[in-house]
Amino acid sequence: MGLQDDLYLNNNLSSLYAKCFGVDHAHHFFDEMPYKDVVSWTGILSAYARNENHEQALRLFDSMMNNSQYPNEFTLSSVLRSCSALGEFDYGTLVQAYMIKNGFDSNRVLASALIDLYSKCGYTEEAYKVFESMDGGDTVSWTTMISSLVQTQKWSQALQLYIRMIEARVHPNEFTFVKLLAASGSLGLSYGKLVHDQRNTFNLNQKPPKPKPSINNPQNRR
């Protein structure tokens, strides 16, 4: 078995240990691996982020960079999630600088994570700059920005941004309307009715249809 095969196997074993035995067992296995690549580092870093040990996730990211391993979009997504959880604005700006330098700034998932980070740290203007710099956002990025405006009690701006969202032909989801209803609750009943009507327009109240009986379904062979 060659080096590449060993690395592939070890990366999968590390992920398995994290899921089945806990992140500490996975970290011990990770430390014993003779060779590591970006997948190895991202796997263990993400495992700590998922387990809410965000300080350790950022320490691992520092070690990763010191070992000349270059992160990918999945690494950066976990790092930004940890920055957001810890309120690490300064660390987040360093990550953003890395993103811009290495061509990740157009990634919608990472941009949404940056918007969330800056919003939670109280930097709504910076969050809005990131949003406006995006080359066409998706539902997640629009909803994240609307949520940011609601959190800072900029309710009218949140509703105006929703109008822009519809004009851009971006389809809202249930989370979008949860945030809009919070904003309209502070603006008055008439706004709440308008938001509720919009929700109905997009058929978000409809339940998914039940599957039709089929002769191929074993439950119907009785």
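This is a predicted model: local features need pLDDT of at least 70, side-chain atom pairs count only at pLDDT 80 or more; totals for chains, interfaces and linings use all residues.
Local features need pLDDT of at least 70 and side-chain atom pairs count only at pLDDT 80 or more, whereas totals for chains, interfaces and linings use all residues. Residues are numbered from 1 along each chain as its sequence is written, and side-chain values use heavy atoms, with hydrogens and water left out.

**View 1. Helix H5 (residues 73-86) and its ends.** Helices are DSSP runs (H or I, at least four residues) numbered from the N terminus. At the start of H5, a side-chain oxygen of Asn72 lies within 3.0 Å of the backbone nitrogen of Phe74. Just after H5, Gly87 adopts a positive phi of about 70 degrees.

**View 2. The salt bridge between Asp116 and Lys120.** A salt bridge is a side-chain nitrogen of Lys or Arg within 4 Å of a carboxyl oxygen of Asp or Glu. The closest N and O atoms of Asp116 and Lys120 are 3.4 Å apart. Because the two residues are 4 residues apart in helix H7, about one helical turn separates Asp116 and Lys120.

**View 3. The salt bridge between Arg164 and Glu132.** The closest N and O atoms of Arg164 and Glu132 are 2.9 Å apart. Arg164 belongs to helix H10 and Glu132 to helix H8, so the pair ties together parts 32 residues apart in sequence.

Key. A polar contact is a pair of N or O atoms within 3.5 Å; within protein, one must be able to donate a hydrogen and the other to accept it, and residues adjacent in sequence count only if both atoms are side-chain atoms.
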